[in-house]
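Open the model in your viewer and keep the sequence panel beside it. The stops below follow one another as selections.

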Amino acid sequence: MSLNGKYSVGIIFTFVLLASAMLYSIPLINLFFNFKTFTAELFFYDRLVLWLVLLLILIYNFFLENRSFFAWEDKKYPTKFYLASIIGLYLICSFGGAFLNAAIMIVTQEKISDKLLQLNSIFKSNYFLIIFTCLTAGIIEELLMRAYIQPRIEKIYNSPAAGIVGSALLFGILHSTYGTIGQVVVPFFIGIVFAIFYKKYSNIKILIICHFLIDFISLILLNLVDIKQLSAF
């Protein structure tokens with residue numbers, strides 16, 4: 001199989017594993033532990049499954065692709081660049097995402113999803129789970145969607161635009177499990193912003209930190225405000 005063929009299989013393998021984890025990990029965990037309700041412990045195990053997905057992709061990359069996981073070498077920048085980039089990306093994604101979500105809710109009369117309401121109940125004052133969840137999302141989603149998938153799509157189609165749009169589209173689709181249009185459109189928007197930044201500056205650490213902050217501040221807000229009042233969440 002050619003290298004592009006291996007890359008194609010890797011991309012499909014990654015997306016299928018992530019989608020399966022998001023859709024079926026909780027029912028499978030319940031087969032072994034028989035949780036009666038949606039609990040913090042159940043969700044913790046669910047997040048652990050995502051680390052298993054990362055491990056499987058690393059194994060695939062090492063044994064079958066036989067290439068560096070990072071197709072683009074991470075570039076180093078001054079501390080001021082890190083701070084400015086993190087703040088800038090956070091503001092663009094937060095305000096842009098809030099505007100898009102508000103517009104969607106006004107046009108479609110879409111309500112906050114039941115899944116977010118469930119998550120709101122288990123995150124209340126559970127700061128360990130909040131931090132672990134945000135670290136898991138930041139590290140795994142950026143490593144797989146940006147560092148792994150984006151450059152491989154670009155190489156297969158010989159098109160930076162394909163890498164940016166393709167990785168962002170897959171990122172948005174994966175968030176469709178939340179059950180709302182906003183939870184697809186906003187991640188797609190963030191995926192576009194992150195992918196453009198990664199293509200231009202090739203630094204995954206900045207994206208991991210920014211992703212963590214976006215999720216962390218959002219979940220902290222869930223602890224402080226009634227989620228039903230967060231029309232722009």
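Buried means under 20% relative accessible area, exposed means over 50%, and partly exposed lies in between (1.4 Å probe, protein chains only). This is a predicted model: local features need pLDDT of at least 70, side-chain atom pairs count only at pLDDT 80 or more, and totals for chains, interfaces and linings use all residues. Residues are numbered from 1 along each chain as its sequence is written, and side-chain values use heavy atoms, with hydrogens and water left out.

**Stop 1: helix α3**

Select residues 79–108, which form helix α3. Helices here are DSSP runs (H or I, at least four residues), numbered from the N terminus. The expected span of a helix is 1.5 Å times one less than its number of residues.

Now colour the buried positions of α3: Y82, S85, I86, L89, C93, G97, N101, I104 and M105. Their cover includes α7 (182–201) and α8 (204–224). Step past the end of α3 to Q109, where phi is positive, near 60°.

**Stop 2: the cores**

Pick L89 again. Contact means heavy atoms within 4.5 Å. Setting aside neighbours within four places in sequence, L89 contacts V193, F194, F197, I206, L207 and C210.

A nonpolar core is a set of buried Ala, Val, Leu, Ile, Met, Phe, Trp, Tyr and Cys residues joined through side-chain atoms within 4.5 Å. The largest one holds 40 residues, and L89, L144 and F194 have the most contacts inside it. Each of α1, α2, α3, α5 (127–157), α6 (160–174), α7 and α8 supplies at least two of its residues. The biggest contribution, eight residues, is from α5. A second, separate core has eleven residues, including L116, L119, I122 and I130.

**Stop 3: G191**

Go to G191 in helix α7. G191 is buried, at 0% relative accessible area. Beyond its neighbours within four places in sequence, G191 contacts R146, A168 and F171.

**Stop 4: salt bridges**

Side chains of opposite charge can pair when their charged atoms come close. A salt bridge is a side-chain nitrogen of Lys or Arg within 4 Å of a carboxyl oxygen of Asp or Glu. The whole structure has five. Visit three of them.

- R146 and E142: the closest N and O atoms are 2.8 Å apart. The two are four residues apart in α5, so about one helical turn separates them.
- K199 and E154: N to O is 2.9 Å. K199 lies in α7 and E154 in α5, so the pair ties together parts 45 residues apart in sequence. K199 is partly exposed at 34%, whereas E154 is buried at 13%.
- K205 and D74: N to O is 3.0 Å. K205 sits in α8 and D74 in the loop between α2 and α3, 131 residues apart. K205 is partly exposed at 39%, and D74 is partly exposed at 23%.

**Stop 5: helix α2, inside and out**

Which residues does D46 touch? Select D46 in α2. Not counting residues up to four places away in sequence, D46 touches A21, S25, I26 and I29. D46 is buried, at 4% relative accessibility.

Finish on F62, also in α2, and exposed at 57%. F62 belongs to a nonpolar surface patch with M1, V9, F13, L52, L55, L56, I59, F63 and L64. Seven of the patch residues come from α2, the largest share.

Note on methods:
Patches are made of residues with over 30% relative accessible area and no salt bridge: like charges are joined within 9 Å, nonpolar side chains (Val, Leu, Ile, Met, Phe, Trp, Tyr) within 5 Å. Accessible areas come from the Shrake-Rupley method with a 1.4 Å probe; for residues, only the protein chains shown count as cover.
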